[in-house]
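Before reading on, please take a moment to look over the sequence and the model shown here. The report that follows is meant for someone who is meeting this structure for the first time.

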Amino acid sequence: MTLIEQVKAKLIEYDGKDMKRIGHALKVHSFAKFIAECEGVEPKLQQTIEIASLLHDIGIHNAEEKYGSADANYQEIEGPAVAHELMKSLEISDAEKARVEYLISKHHTYEEIENEAMDYLILIEADFIVKIYEKKIEKDEVKDILERIIRTETATNLVKQLYL
């Protein structure tokens, strides 16, 4: 089993029967992988993007339990520790684990997106591509997301093709 398959297995085991969350993570992963490949991201960074995209919402259950809410800020607080536990037994460097945890801790923070690295950007873009569909976001807001958030050529083309 590849490392990415191991992460998927851990995600599915952790989320149990929560198909909504599992489905969301798998969709975000699929788009993140596609964007990274089309943008020519090097393999090690691609791996980080894929792991982070699978685990980006992993803190939701803890957030709901602890705060009674799945709000973005609670996901960012709770997600890194859950991801840390899930990645413990996997053959991932400490630096990569730390980067995945960082990405999870910021995946709803968009204020300084211009200053962030490609892995962060692709994770955010893939999450938005899926959220636009899942939340049935209106065209005006999609245009705003395209202007404020989306940066890569691949994600820009996807948003335009799928939603505008």
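## The largest pocket

This is a predicted model, and the description starts with its largest pocket, whose volume is about 430 Å³. The lining of this pocket is made of 17 residues, and those closest to its centre are Lys20, His24, Asp57, Glu134 and Lys135.

Helix 2 (19-38), helix 5 and helix 7 each give at least two residues to the lining of the largest pocket, and helix 2 provides the largest share, with six residues. Sorted by class, the lining of the largest pocket holds nine charged residues, four polar ones and four nonpolar ones.

## The enclosed cavity

When the whole structure is searched for cavities of 30 Å³ or more, one is found.

At least two lining residues of the largest cavity come from each of helix 1 (3-15), helix 2 and helix 3 (43-55). By class, the lining of the largest cavity has five nonpolar and three charged residues, with no polar ones.

Helix 8 spans residues 139-148, and within it Val142, Ile145 and Leu146 are buried. These three residues lie on the same side of helix 8, because they cover an arc of only 100° around its axis.

The buried residues of helix 8 pack against helix 7 (118-134) and helix 9 (153-163), whereas the face turned away from the buried side carries Asp140 and Glu147, which are exposed.

## The aromatic pairs

Two aromatic pairs are present in the structure. In one of them, Tyr67 and Tyr74 are stacked, with 4.1 Å from centre to centre and 10° between the planes. Tyr67 is partly exposed at 34% relative accessibility, and Tyr74 is likewise partly exposed, with a relative accessible area of 24%.

The rings of Tyr110 and Phe128 form a tilted pair, because their planes stand at 55° while their centres are 5.2 Å apart. Since Tyr110 lies in the loop between helix 6 (94-106) and helix 7, and Phe128 lies in helix 7, this pair ties together parts that are 18 residues apart in sequence. Tyr110 and Phe128 are both buried.

## Two residues in loops

Asp71 sits in the loop that runs between helix 4 (60-67) and helix 5 (72-87), and its relative accessibility of 44% makes Asp71 partly exposed. Although Asp71 and His108 are 37 residues apart along the chain, their C-alpha atoms are separated by 9.7 Å.

Lys136 belongs to the loop between helix 7 and helix 8, and Lys136 is exposed, with a relative accessible area of 66%. Most residues other than glycine have a negative phi. Lys136, which is not a glycine, has a positive phi near 50°.

Terms used. Residues are numbered from 1 along each chain as its sequence is written. This is a predicted model: local features need pLDDT of at least 70, side-chain atom pairs count only at pLDDT 80 or more; totals for chains, interfaces and linings use all residues. Side-chain values use heavy atoms; hydrogens and water are left out. Helices (H or I, at least four residues) and strands (E, at least two) are DSSP runs, numbered from the N terminus. Buried means under 20% relative accessible area, exposed over 50%, partly exposed in between (1.4 Å probe, protein chains only). The arc is that of the directions from the helix axis to the C-beta atoms. Contact means heavy atoms within 4.5 Å. On a 1 Å grid over the protein atoms alone, a cavity is a set of points where a 1.4 Å probe fits but cannot get out, and a pocket is an open set with protein on both sides within 12 Å along at least five of seven lines; lining residues have an atom within 4 Å of a point. Grid points are joined across faces, edges and corners, and a volume is the space filled by probe spheres set on the points. Ala, Val, Leu, Ile, Met, Phe, Trp, Tyr, Cys and Pro count as nonpolar, Asp, Glu, Lys and Arg as charged, and the others, Gly among them, as polar. Rings of Phe, Tyr and Trp (its six-membered ring) pair if their centres lie within 6.5 Å; planes under 30 degrees apart count as stacked, over 60 as edge-to-face and the rest as tilted.
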